[in-house]
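This report goes through one protein chain, residue by residue where that helps. Please keep the sequence and the 3D view open while reading.

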Amino acid sequence: MGNHFLTLSLLLVTVCVCVSFITTKLNPKEAIVSVSSDSEIRTEIHGVKILRQASDTKLAQLGVASWPKWEGAPSKFPWEFKKTETIYFVEGKVKVNVDGFDEEEETFEIGKGDVVVFPKDMKVVWEITEAVKKHYSLEE
């Protein structure tokens with residue numbers, strides 16, 4: 001029984017890593033993926049840290065419920081993060097193009113359920129493809 005559980009766990013981790021690569025449309029040289037012991041998938045793309053489908057426990061640890069809220073309709077605009085910003089997406093999807101990674105295949109998508117950290121001074125083009133509702137926290 002123990003070997004079956006270990007095999008299934010390893011298979012789940014493998015599938016999660018593969019799905020992460022597919023959804024970001026990147027090759028292994030462009031993304032850093034790690035899976036924590038609680039099966040959270042953490043990805044780093046062009047300096048942006050992404051926790052896909054964050055657990056309720058993780059959201060509670062971060063205090064997301066107390067963060068300010070923001071909503072945005074589909075649109076496309078440039079943005080510069082003046083402070084490190086952590087975002088939790090309640091709804092929606094966004095395509096992100098980080099300054100310096102201008103090829104179409106270098107864009108990536110974030111959205112509902114993701115916790116994302118953009119570093120201070122990062123410049124991006126933010127394309128909201130599905131209306132967004134998010135909570136955010138700015139580093140002081």
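V98 is buried, because its relative accessible area is 4% and the cut-off for buried is under 20%. V98 is placed in strand 6. In this predicted model, the C-alpha atom of V98 is 7.0 Å from that of H46, although 52 residues separate the two along the chain.

H46 belongs to the loop between strand 2 (41-45) and strand 3. H46 is buried as well, with a relative accessible area of 13%. The backbone of H46 has a positive phi of about 55 degrees, and H46 is not a glycine. Most residues other than glycine have a negative phi. D121 is another non-glycine residue with a positive phi, here about 75 degrees. D121 sits in the loop between strand 8 and strand 9. D121 is partly exposed, at 47% relative accessibility.

**The chain as a whole**

The chain has 140 residues, and 35% of them count as buried. There are 2 helices and 9 strands. Read from the N terminus, the order of elements is α-β-β-β-α-β-β-β-β-β-β.

Strand 6 spans residues 85-98. Besides V98, strand 6 contains T86. T86 is buried, with 18% relative accessible area. The C-alpha atoms of T86 and L138 are 6.5 Å apart in space, while the two residues are 52 apart in sequence.

K133 is found in strand 9. At 34% relative accessibility, K133 is partly exposed.

The loop between strand 5 (75-80) and strand 6 holds T84. T84 is buried, at 17% relative accessibility. The side chain of T84 comes to 3.2 Å from the backbone nitrogen of K120.

The values below put several of these residues side by side.

| Residue | Relative accessible area | Class |
|---|---|---|
| V98 | 4% | buried |
| H46 | 13% | buried |
| T84 | 17% | buried |
| T86 | 18% | buried |
| K133 | 34% | partly exposed |
| D121 | 47% | partly exposed |

**Salt bridges**

Side chains of opposite charge can pair when their charged atoms come close. The structure holds 4 salt bridges, among them the pair of R52 and D114, whose closest N and O atoms are 3.1 Å apart. R52 lies in strand 3 (residues 48-52) and D114 in the loop between strand 7 and strand 8 (115-118), so this bridge ties together parts of the chain that are 62 residues apart in sequence. Both R52 and D114 are buried.

Another salt bridge joins the side chains of E85 and K134, with 3.1 Å from N to O. This pair also links distant parts of the chain, as E85 is in strand 6 and K134 is in strand 9 (residues 123-138), 49 residues apart. E85 and K134 are both buried.

The side chains of K82 and E80 form a salt bridge too, at 3.7 Å from N to O.

**A charged patch**

Which residues gather in a patch of negative charge on the surface? The patch consists of D99, D102, E103, E104 and E105. One of these residues, E105, lies in the loop between strand 6 and strand 7 (108-111). E105 has a relative accessible area of 49%, so E105 counts as partly exposed.

**Looking back**

On the surface, the negative patch includes E105, which is partly exposed.

Terms used:
Residues numbered from 1 in each chain as written. Predicted model: local features only at pLDDT ≥ 70, side-chain atom pairs only at ≥ 80, totals over all residues. Heavy atoms only, no water. Patch = residues over 30% accessible without salt bridge, like charges linked within 9 Å, V, L, I, M, F, W, Y side chains within 5 Å. Areas by Shrake-Rupley, 256 points an atom, 1.4 Å probe, with all protein chains shown as cover. Lys, Arg positive; Asp, Glu negative; His and termini not counted. Charge placed at Lys NZ, Arg CZ, Asp CG, Glu CD. Helix = DSSP H or I, 4+ residues; strand = E, 2+ residues; numbered from the N terminus. Buried < 20%, exposed > 50% of the residue type's maximum accessible area, 1.4 Å probe, protein only. Polar contact = N/O pair within 3.5 Å; in protein donor to acceptor, adjacent residues only side chain to side chain.
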